[in-house]
Amino acid sequence: MKRLIASDLHGSARFCRQLLERYQQEGAQQLILLGDLVYSGSYAPQYEYDPHQVIQLLRPLAREILWVEGNCDCGAGALGPAFPMYAGSATVSWEGLSVFLTHGHRYGPHNPPPIGAAQVLLSGHTHIPSWQWVGDLFCANPGSVSLPRGGSPHSCLLYEDGLFRWLTLEGETFHWEVLPPPSKENILSD
């Protein structure tokens, strides 16, 4: 399954539309949102800060969305999203690969989940795309869809069959990593 992973939308309707265009163009089947979906965004007009519009734009994809709560998502349930939000973190299996999803304000490369919790840690929060190994744990951050920092582009992450590709919202790949296939002892059932 092809998955598009994004973080830190911060209520920007403009960048939500661009993310959804990228999702469609890449032919992804699941949208992973690593928190800070609707609140604490920029009020500058070019960002089109509109949390209600962001939820409305995402609503048609409700069955394809997996959303992990971010530190700015407190009270987001009041917007009435039609898709569930996982509080804090979620551990999922992708083709036998154990993946720990979190926003990044609790767990990240500098404070990883307990040893053995997963083979991959996906987190946002910093607004800067990153990739690194912490022991046997591969840590990846898609960067920020709407408010990138450190000179990074508006970005997201595409995953399929062990390949992670960091993309600009325009679709340009600026980094990729291929993970080795899970060993037979570590394969989880989907």
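Two strands pair if DSSP finds at least two bridges between them. Helices (H or I, at least four residues) and strands (E, at least two) are DSSP runs, numbered from the N terminus.

The structure is a predicted model, in which local features need pLDDT of at least 70 and side-chain atom pairs count only at pLDDT 80 or more, while totals for chains, interfaces and linings use all residues. Residues are numbered from 1 along each chain as its sequence is written, and side-chain values use heavy atoms, with hydrogens and water left out.

**Exercise 1. Determine how strand β6 is paired and whether it is buried or exposed.**

Solution.

Step 1. Begin with β7: β6 pairs with it in the parallel sense, over three bridges. Within this pairing, V99 faces V120 of β7.

Step 2. Turn to strand β5 (residues 89-94), which runs antiparallel to β6 and is joined to it by six bridges. A90 has L101 of β6 as its bridge partner. The two strands β5 and β6 form a hairpin with two residues between them, and E95 in the turn has a positive phi of about 50°.

Step 3. Apply the cut-offs for burial: buried means under 20% relative accessible area, exposed over 50%, and partly exposed in between (1.4 Å probe, protein chains only). In β6 (residues 97-102), six of the six residues are buried, so the strand is largely enclosed by the rest of the structure.

Step 4. Examine the two faces. In a regular strand the side chains alternate between the two faces of the sheet. On one side of β6 L97, V99 and L101 are buried, and on the other S98, F100 and T102 are buried.

**Exercise 2. Give the strand order of the open sheet of seven strands and name its edge strands.**

Solution.

Step 1. The order is β4-β3-β2-β1-β10-β11-β12, and the pairing is mixed.

Step 2. β4 (85-86) and β12 (173-178) pair on one side only and are therefore the edge strands.

Step 3. Inside the sheet, β1 and β2 run parallel and are joined by four bridges. L4 is placed opposite L31 of β2.

**Exercise 3. Describe the largest nonpolar core and the contacts of L58.**

Solution.

Step 1. A nonpolar core is a set of buried Ala, Val, Leu, Ile, Met, Phe, Trp, Tyr and Cys residues joined through side-chain atoms within 4.5 Å. The largest one has 29 residues, and those with the most contacts inside it are L19, L31, L33, L37 and L58.

Step 2. Two or more residues each come from β1 (3-6), α1 (13-26), β2 (30-33), α2 (51-58), β3 (65-68) and β10 (155-160). The largest share, six residues, is that of α1.

Step 3. Contact means heavy atoms within 4.5 Å. Leaving aside residues up to four places away in sequence, L58 touches C16, L20, L31, L33, L37, I65 and F83.

**Exercise 4. Locate D36 and H127, and state the phi and the burial of each.**

Solution.

Step 1. Most residues other than glycine have a negative phi, and most peptide bonds are trans.

Step 2. D36 is in the loop between β2 and α2. Its phi is positive, near 55°, and D36 is buried, with a relative accessible area of 2%.

Step 3. H127 is in the loop between β7 (120-122) and β8 (130-134). The phi of H127 is positive, about 70°, and H127 is buried, with a relative accessible area of 3%.
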